[in-house]
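Some terms in a structure description rest on cut-offs. Here the terms are set against their values, one by one.

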Amino acid sequence: MHGVRASSQPDGRGSTPNQYDYPSINQDSIHPFPGIEPTARVDTVGTGGLSEPSAYRRMSFENGDEAALRRPSSATSSLSDLPGEGEPQDLFFHPGMSSRPLPPPPVPVTTQNLLPHLMPAGTYRSSEHTGQIPLDHYHMPPYPTSPDTYSYSNSTSAVPRSTSLSDHTNTHKSADAIIRSKTDADRVKSKQAAYDSSLSTPSVTLDLPVLPAGKRKKFHPGKLSSEQFRKCTEPWAISAIVAWIRDLAEDEADLKEHSIVDAIVALLTHKVPTMNTADAETLSDRVVKSMFAAGALIKDEEWVKFGPGTLSGVLWQITGQGCYSSRLHNQEYDIFGRCYSHHCMRTLKKINLKMVEAQKKAEDWATFYKIGKEVFSNHSKKEIDRQNNLHEIVTTEDSYIAQLDVLRTLYRDTLATAQPSVINPKRLDRFLRDVFGKVDAVKRVNEEYLLAQLKYRQKEQGSFIVGFSDIFREWIRKAKAAYIEYAATFPNANYLVRREAESNMLFRSFLNQARENRLSNRLSWDTYLKAPITRIQRYTLLLNTVYKNMEKDSEEKSNLLQAIEEIKLVALDCDNKVGEMTKKMDLKELGAKLQLRPEMKSIVELNLEHLGREIIYQGDLQRPRTKRFNWVDIRAILFDHYLVLAKIVIHRDAAGIKHEMFDVSKLPIPMDLLTLVSTNDDPVVRSAVKGIAPANPRTGAPTGLAHAATAPQITSPTPGAAGRSVTTTVLENSRDEKILYPFRIKHLGKRDVYVLYAPTAQSRQEWCEKIYEAKTKHAAALYAQNAEPFRLRVLSDSAFAYSDQAVPPKSAVIKGTPLDRAIREVEKKYERNLSRPLPVCRAAVNCATVFQQPPGKMMCAIGTDYGVYISAYDDPRGWTKGISMLRVTQVAVFEEFNLFLLISDKSLIGYHLDSICPVNGTVQPDSQRRAPQKLSGNREVGFFAAGRMKDRALVFYKKRDGISSTFKVLEPVLQKSSSSRSRFLSRRGQTEFFREYDEFYIPAESYGINLFHTSLAIATSRGVEVLTLDKKQPWSVPNLKSEQADVQSHLTSIANRVKDLRPLGMFRLSDSEFLVAFQECAVYVNKHGDVSRSVVMEFVGIAHAACLCGKFLLLFNEDFVEVRNALNGRLRQVIAGRNVTLLDDGGNGNSGIDQHTNAVGGSNFNEAASTPTGSGRNGLGISTGFGTISRTVKICMQHPERERSQIVLELLENEGQKD
């Protein structure tokens, strides 16, 4: 792009004697580097979900939300591809659309007829311009202020920008009629005629609404145009500047002081392009302070407004045309001379470096200036040191430029011209661009704005220099963009060179030859490649040394401090860019080394190229082989979303160079499914003969092991924060080199526990802390993105404890998880209590339900092996015993009938609800209550379920265990008199609660039942049997037989997948689709029982219970709860814990997402169908019932912070879930 003379400007600037030429703007040089720091997605690919059925059980993460984050299909996802893949593309940038438009600098000198060391000022009329430098944000390119200023000749649109609706003729282009006899050429002519007519002058003015008068554009100092600058004809007069600012910004309602300062800076640098931006800022700040002092500006809270005051004065720096010798700058031809004024803003105070010979050898200050001994005696030591420091800045800058020249000539240019080519010619240009593409901009900005000025200052001021603060403040404004861009590309360039050296023998030989070259001073390539990164840091050190040696306060000292702070900010930005891109390059390099096994590639997607991905920790560990005594060295890599365990494989290439690869032999563990089982196991001795032996076999020995337990504070993200202390073991014997420190981790859903051995106790502690840190960050990301469908609420945290005989090991709480937030919430509620209440029951918790008393008070009931306990719903620590019965395995409340139903010791018993939980709150003793009613025989009930079928409220219970099952159906009776007792149930005693309605027989062992509007589904050992009470003829679901051969092949694969799997239930998804869940997978079927999808939903673990809550399928394992989207199978949440038990399925087992079911008394009876699975500790079912409030899923697990307590939790669905 070339500069444009003032005479050629379309806005008439050439006729104005006090206007100047401006080179056109190089868009690449002013493009701000995009700072992209998005949060990585917390979802993980490969966690089950929908897949083709196969006998191989998938146990890795899958989710389908990654499409938005993938790269385009034209690019591969491998991190071992050619350089540059996965990089964010440059964003479109145009100065007119930016909030920070940048100005053009004066055109560089092209003539060589100059004095040896001085560049005169009359050099701004050249139309040739090359090597554009990044521009500062105060200069203003000549943007048009209105549509009329656009040139038609430069417009490519059909209608010029200056054409309005009123310019058009009333002859409008009509829709094309059907042309049958005309050719295409005639059609084109017709369209052209219509187009020409649209540009003609209108004969009738359109009646359009008139824009309100006085409506002006919002004042933006970064978007001022040349037209607006031209309005200030006397910029040297302060009164003219005040009038100009008032005219532009008087109507602004939210005007701020910095906006006025920026506008004046833009004006000054526009009028005098050679003015230093730092000087312009100083002048502008003085003008604004004077405006405040004179009352021309008034403070209004954080804003400012214009006042009635006036101001006058002159800025001598830009008086007239900015120079006392203005004719010198108006010469048409270059002359040998310069302006005599020291403060002339139009004189470029820089040396022409092309006319100066390179310094052969760096000399110290005294030698360079030939300083005599008398000078040292006349000046203080600090001043002498300061001058040495200033001289060191210049000499090291010379050396730095020489390093950049070595990088450009010895490396880049040699590679570009080498014959034969050292690098594959197809990749050569891209390699040179990615590695050396930014070095030219760095060298140019340092030569044009720093080194030339430094040398001029040396020539100008001699041996005692005042300082370089003004030069550095101006340079850093120009150099910021170039250095940040270089810092952003440096890690990738470094990686590309290293990778090419590893794979290309010729390139490796070339690097060795370049190092031996005399120009490189035997320094390696990385010294020169990272020179700009180290140099920007060194500037602050050099200037700080100068600052410390300044004895007196002065303007130079204050300016130097500002320069140091400005350079520090740029250096910090460079460090951040280097750190950010280094992490990305580490991921890229690691992705090239990781080799997944073939069977894993279709299951696991590490997605290391995704934005925000990071390596939290990595290191070498050991583990014993499965079948042999020898050990395996493994590389453990902890990402923010996976833990990868890989074998270290070393192989040599043809040149004998070692290459390290990582064989991923174990399935990567997603962060959701990673748990730390133990952190303080005793150390062991590694033995090739005996395998693993204790480190100190002698018991009770006073020496050998010294345990120092370190328990960090709760506020720290360490294992101690989760209630787990990491034990550091110090060994004092001669076998330290053979001693290993184990810790155990588990992949939830898999049976095996990985035992990993660290070489030192410190290494083990670091690994444990980093795992907790990674899981804490992951939990925080899930919470911030509202990615978890359910939150937890504590119903009881201290009332129920384990028996003394069975105390499971303590688990850990990760900060920020739903479980941790629920525990913190209940602890905060009772923080004023001096102590925790003692347990009211030391037995297993089996079931729970929530109901409502007539006044509207919500209550909660929990069934245990020692009876039923009652508490207010909002009081997790107010539990009292309500019923004294053994082995209560299932409870249900029928509010409509005032009944409380339970199974005690395999007998179905009914209570009056008022006698258990009276309205007045006073619980009567068992002897004074109304007697309970036994509804079944002794020890014959496995489970029961309640629901509404054909508008009847029914209770189903399984009568007998064994190879067959008999189901009894009871119907509750409302206000039945005692005289009309049913002839049914006579052998079990008369009842006032229920009457016998029906019964049926299933010739198989049954595990659970799901009720629908007209039918019911029973989970049996043969699968799911569906029947109606009318016909009682069961049929098996899913139907895995078809007459079509291609369909039968899919059905056969599904049949092989679900073979020998225990069914967990059948759930309604919609009016036409159901989901049949098994222990490891689920199958979609239609309302006729036929398979509706050819894929199955794979689970992570082996579930022992399942239920449907809204659109989410909940699967309950021994140590976690798995939450999936029932429609697409995506894993949405994992709730980790120990001894997880489903207490209440929430009555949503078969409600479906549409919930087209009937309800009586505010309760959805079809929703109240249970999903009992016989999965509890005693093989019992799940509670159901009829109530007037919506029910929720409830679970029980070991309290993670108090290992002897059981915590009862309620799952509440979060709002705003999207899937």
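Q: Which residue stands opposite valine 868 in E24?
A: Isoleucine 883 of E24 stands opposite valine 868. This is a predicted model, where local features need pLDDT of at least 70, side-chain atom pairs count only at pLDDT 80 or more, and totals for chains, interfaces and linings use all residues. Residues are numbered from 1 along each chain as its sequence is written, and side-chain values use heavy atoms, without hydrogens and water.

Q: What makes E23 and E24 a pair?
A: Three bridges join E23 to strand E24 (residues 880-883). Pairing takes at least two bridges found by DSSP between two strands, so E23 and E24 pair, and they run antiparallel. Strands here are DSSP runs (E, at least two residues), and helices are DSSP runs too (H or I, at least four), numbered from the N terminus.

Q: How is E23 joined to E22?
A: Six bridges join strand E22 (residues 858-864) to E23, again in the antiparallel sense. Within this pairing, isoleucine 862 stands opposite tyrosine 869 in E23. E22 and E23 form a hairpin, with two residues between them.

Q: Why is strand E23 called largely enclosed?
A: Buried means under 20% relative accessible area (exposed is over 50%, partly exposed in between; 1.4 Å probe, protein chains only). Six of the six residues of E23 (residues 867-872) are buried, so the rest of the structure largely encloses this strand.

Q: Which strands pair with E48, and over how many bridges?
A: Strand E45 (residues 1141-1145) is joined to E48 by four bridges. Strand E49 (residues 1205-1213) is joined to E48 by six. Both pairings are antiparallel. Leucine 1142 stands opposite isoleucine 1195 in E48. Lysine 1194 stands opposite glutamate 1210 in E49. A hairpin of six residues links E48 to E49.

Q: Why are E33 and E36 called edge strands?
A: The open sheet has four strands in the order E33-E34-E35-E36, paired antiparallel. Strand E33 (1006-1011) and strand E36 (1035-1037) each have a single partner strand, so one side of each lacks a neighbour in the sheet. Neighbouring strands of this sheet are turned by 30 degrees against each other on average, direction ignored.

Q: How do you know that E33 and E34 pair?
A: E33 and strand E34 (residues 1016-1020) share five bridges in the antiparallel sense. Leucine 1011 has leucine 1016 of E34 as its bridge partner.

Q: Why are H5 and H6 called oblique?
A: The axes of helix H5 (residues 257-271) and helix H6 (residues 277-294) come within 9 Å and cross at roughly 130 degrees. Axes are lines fitted to C-alpha atoms, for helices over the stretch in contact, and angles run from 0 to 180 degrees between N-to-C directions. Under 35 degrees counts as roughly parallel, over 145 as roughly antiparallel, 65 to 115 as roughly perpendicular, and the rest as oblique. H5 and H6 are therefore oblique to each other.

Q: Which residues make the contact of H5 with H6?
A: Contact means heavy atoms within 4.5 Å. The H5 side includes Ile260, Ile264 and Leu268, and the H6 side includes Leu283, Val287 and Phe292.

Q: How much of the protein chain is buried?
A: Of its 1219 residues, 52% count as buried. The secondary structure of the chain comes to 21 helices and 49 strands.
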